[in-house]
Amino acid sequence: MSGSQALTSLCSKSHRYSCSSLFPPSILSSSNPRRRIPRQIRPSTVRMSSSHPASSSAASSTTSSAIDFLTLCHRLKTTKRAGWIRRGVKGPESIADHMYRMGIMALVASDIPGIDRDRCIKMALVHDIAEAIVGDITPSDGVPKSEKSRMEREALDHMCALLGEPSRAKEIHELWMEYEENSSPEANIVKDFDKVEMILQALEYENEQGHDLEEFFQSTAGKFQTEVGKAWAAEIASRRKKNKH
């Protein structure tokens, strides 16, 4: 089944879940590197219809699904970024903190011809959304890149199905895939914002808590794709150098 066919089947029907089914142990257990979303909580496979009769019950279902989805997104606010935890940072940022400042970056960056600013903002806000289920998987976890991608895509499909609203779920899915595949100029920029936000946060933790977080700067060196990314990274590096003298 193609990605678009999978999206059609997964996002075509409003579906409600209890709290227990939102967080099944097989997904959340970090000891299971091949954790999968259980089949019993996946929605039925049906085709997306372009028109549905308006009714109070349909509106109620859509509202309920939206709140279910937002409740799941709460985990983005409470899950701390794993890299900072491993380095002993006190009070580390959450996944949502990271995505929010990336959204602000997209908002305040200078206009670039041909770049859709609104799309960049939306992409920044959803690029790590699957981590509400799988958590913040880092290279030190030893999970192969292909497996990490599979887990996150499955989590994304689950979240799209949970949301139920076909047009919104489709947009979230497309934005996430575009970022994941780095397949557009907007994705190039948001990928750079992801790295810029990380090293800016690293600089702030160094200044506030006295950590040496050189590894985070080294991991992004030479990997910026855009002029704005390179310029902002250079500014952060310059400020870091001044602080060390």
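Student: How do you know how far Glu147 and Arg150 are separated along helix H9 (residues 145–163)?

Tutor: Glu147 and Arg150 are three residues apart in helix H9, which means that about one helical turn separates them. Helices here are DSSP runs of H or I with at least four residues, strands are runs of E with at least two, and both are numbered from the N terminus. This is a predicted model, in which local features need pLDDT of at least 70 and side-chain atom pairs count only at pLDDT 80 or more, while totals for chains, interfaces and linings use all residues. Residues are numbered from 1 along each chain as its sequence is written, and side-chain values use heavy atoms, with hydrogens and water left out.

Student: What makes the contact of Glu147 with Arg150 a salt bridge?

Tutor: A salt bridge requires a side-chain nitrogen of Lys or Arg within 4 Å of a carboxyl oxygen of Asp or Glu. The closest N and O atoms of Glu147 and Arg150 are 2.8 Å apart, and the pair forms a salt bridge.

Student: Why is Glu147 called buried?

Tutor: Buried means under 20% relative accessible area, exposed means over 50%, and partly exposed lies in between, with a 1.4 Å probe and protein chains only. Glu147 has a relative accessible area of 9%, and therefore counts as buried. Elsewhere, salt bridges that share partners join Glu206, Asp212, Glu214 and Arg240 into one network.

Student: What does the salt bridge between Glu215 and Arg87 (2.7 Å, N to O) tie together?

Tutor: The side chains of Glu215 and Arg87 meet at 2.7 Å, N to O, in a salt bridge. Glu215 lies in helix H12 and Arg87 in the loop between H5 and H6, so the pair ties together parts that are 128 residues apart in sequence. With 45% relative accessibility, Glu215 counts as partly exposed, and Arg87, at 28%, is also partly exposed.

Student: What makes the aromatic pair of Trp84 and Phe216 tilted?

Tutor: Rings of Phe, Tyr and Trp (its six-membered ring) pair if their centres lie within 6.5 Å, and planes under 30 degrees apart count as stacked, over 60 as edge-to-face and the rest as tilted. By this rule there are three aromatic pairs. In the pair of Trp84 and Phe216, the centres are 4.5 Å apart and the planes are at 35°, which is tilted. Trp84 lies in helix H5 and Phe216 in helix H12, so parts 132 residues apart in sequence are tied together.

Student: Why is the pair of Phe193 and Trp232 called stacked?

Tutor: The ring centres of Phe193 and Trp232 are 5.4 Å apart and their planes are at 20°, so the pair is stacked. Phe193 belongs to helix H11 and Trp232 to helix H13, so this pair ties together parts that are 39 residues apart in sequence. Phe193 counts as buried at 1% relative accessibility, whereas Trp232, at 27%, counts as partly exposed.

Student: How do you know that the span of helix H13 (residues 227–244) agrees with what it should be?

Tutor: The expected span of a helix is 1.5 Å times one less than its number of residues. For the 18 residues of helix H13 this should come to 26 Å, and the end C-alpha atoms are 26 Å apart, so the two agree.

Student: Which residues of H13 are buried, and which are exposed on the other side?

Tutor: Val228, Gly229, Ala233, Ile236 and Arg240 are buried. Seen down the axis of H13, these buried residues fall within an arc of 125°, so they line one face of the helix; the arc is that of the directions from the helix axis to the C-beta atoms. On the other side of H13, Glu227, Lys241 and Lys242 are exposed.
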